[in-house]
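This report walks through one protein chain.

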Amino acid sequence: MSDLNDPRVLFAAERTLMAWNRTGLTLMAFGFVLERFGLFLHVLRKNPDSVGRDLSFWIGIGFIGLALVMIAFSIVQFRRVLRTLKPIEIPVRYWTWGGIVMNLSVLAFGIALLVYLFSEL
């Protein structure tokens, strides 16, 4: 990837990984808000007995799904970058799995959120 022989390349890749993580979290939160907005609209309707899944539910689920795919893809991309780095570009005893573990935990919580939303009704 580079001939810089500089650990800053690794740190830049980690910052990019965490930026994708923040973007995924934002999309997940937006999807959850959209999904809950549909529930709020059902309460405001004149006939609140007809509670079902409307368009806002599916759009919210779409945003959450997009976030999960994006976070998983960022993990794959980061691993590809790590494979291209030379040993001199990785500081001694530096644990490169920190960002990956963080993204995997966000991925797991996002899947749990999807399961919760689908099992609620």
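Arg-93 counts as exposed, at 82% relative accessibility. Exposed means over 50% relative accessible area, buried under 20%, and partly exposed in between (1.4 Å probe, protein chains only). Arg-93 sits in the loop between α2 and α3. Its phi is positive, about 60°, although Arg-93 is not a glycine. Most residues other than glycine have a negative phi.

The model is predicted: local features need pLDDT of at least 70, side-chain atom pairs count only at pLDDT 80 or more, and totals for chains, interfaces and linings use all residues. Residues are numbered from 1 along each chain as its sequence is written, and side-chain values use heavy atoms, with hydrogens and water left out.

Thr-96 lies in the loop between α2 and α3. Is Thr-96 buried or exposed? Thr-96 is buried, with a relative accessible area of 12%. Leaving aside neighbours within four places in sequence, Thr-96 is in contact with Leu-10, Glu-14, Phe-78, Leu-82 and Ile-90. Contact means heavy atoms within 4.5 Å.

**The fold**

The protein chain has three helices and zero strands. From the N terminus on, the elements run α-α-α. The radius of gyration is 19 Å, well over the 14 Å that the globule rule gives for 121 residues, so the chain is more spread out than a compact globule. That radius is taken over C-alpha atoms, and the globule rule is 2.2 Å times the number of residues to the power 0.38. Along its principal axes the C-alpha trace spans about 65 × 20 × 15 Å. Buried residues make up 33% of the 121 residues. Of the contacts with a separation of 6 or more, 83% are between residues 24 or more positions apart.

Helices here are DSSP runs (H or I, at least four residues), as are strands (E, at least two), numbered from the N terminus. Helix α1 covers residues 8-44. Helix α2 covers residues 55-84, and helix α3 covers residues 98-120.

**Helix packing**

Axes are lines fitted to C-alpha atoms, for helices over the stretch in contact, and angles run from 0 to 180 degrees between N-to-C directions.

| Helix pair | Angle | Axis distance |
|---|---|---|
| α1 and α2 | roughly 170° | within 7 Å |
| α1 and α3 | about 10° | 10 Å |
| α2 and α3 | about 160° | 10 Å |

Angles under 35 degrees count as roughly parallel, over 145 as roughly antiparallel, 65 to 115 as roughly perpendicular and the rest as oblique. α1 and α2 are therefore roughly antiparallel to each other. Their contact residues divide into 24 nonpolar, eight polar and two charged. Ala, Val, Leu, Ile, Met, Phe, Trp, Tyr, Cys and Pro count as nonpolar, Asp, Glu, Lys and Arg as charged, and the others, Gly among them, as polar.

α1 and α3 are roughly parallel to each other. The α1 side of this contact includes Leu-17, Met-18, Asn-21 and Leu-25, while the α3 side includes Gly-99, Ile-100, Met-102 and Asn-103. The residues of the α1 contact with α3 divide into eleven nonpolar, four polar and three charged.

α2 and α3 are roughly antiparallel to each other. Their crossing is left-handed, a term for a near helix turned anticlockwise from the far one by less than a right angle (right-handed if clockwise). Among the α2 residues that meet α3 are Phe-57, Trp-58, Ile-61 and Ile-64; among their α3 counterparts are Leu-107, Gly-110, Ile-111 and Leu-114. The residues of the α2 contact with α3 divide into 18 nonpolar, three polar and one charged.

Trp-20 is found in helix α1. Trp-20 is partly exposed, with a relative accessible area of 41%. Which residues does Trp-20 touch, not counting residues up to four places away in sequence? They are Met-70, Ile-71 and Ser-74. Trp-20 and Leu-117 are 97 residues apart in sequence and 24 Å apart in space, C-alpha to C-alpha.

Leu-34 is also in α1. Leaving aside neighbours within four places in sequence, Leu-34 is in contact with Ser-56, Ile-59, Gly-60 and Phe-63. Leu-34 and Ile-64 are 30 residues apart in sequence and 10 Å apart in space, C-alpha to C-alpha.

Ile-111 is found in helix α3. Ile-111 is partly exposed, with a relative accessible area of 46%.
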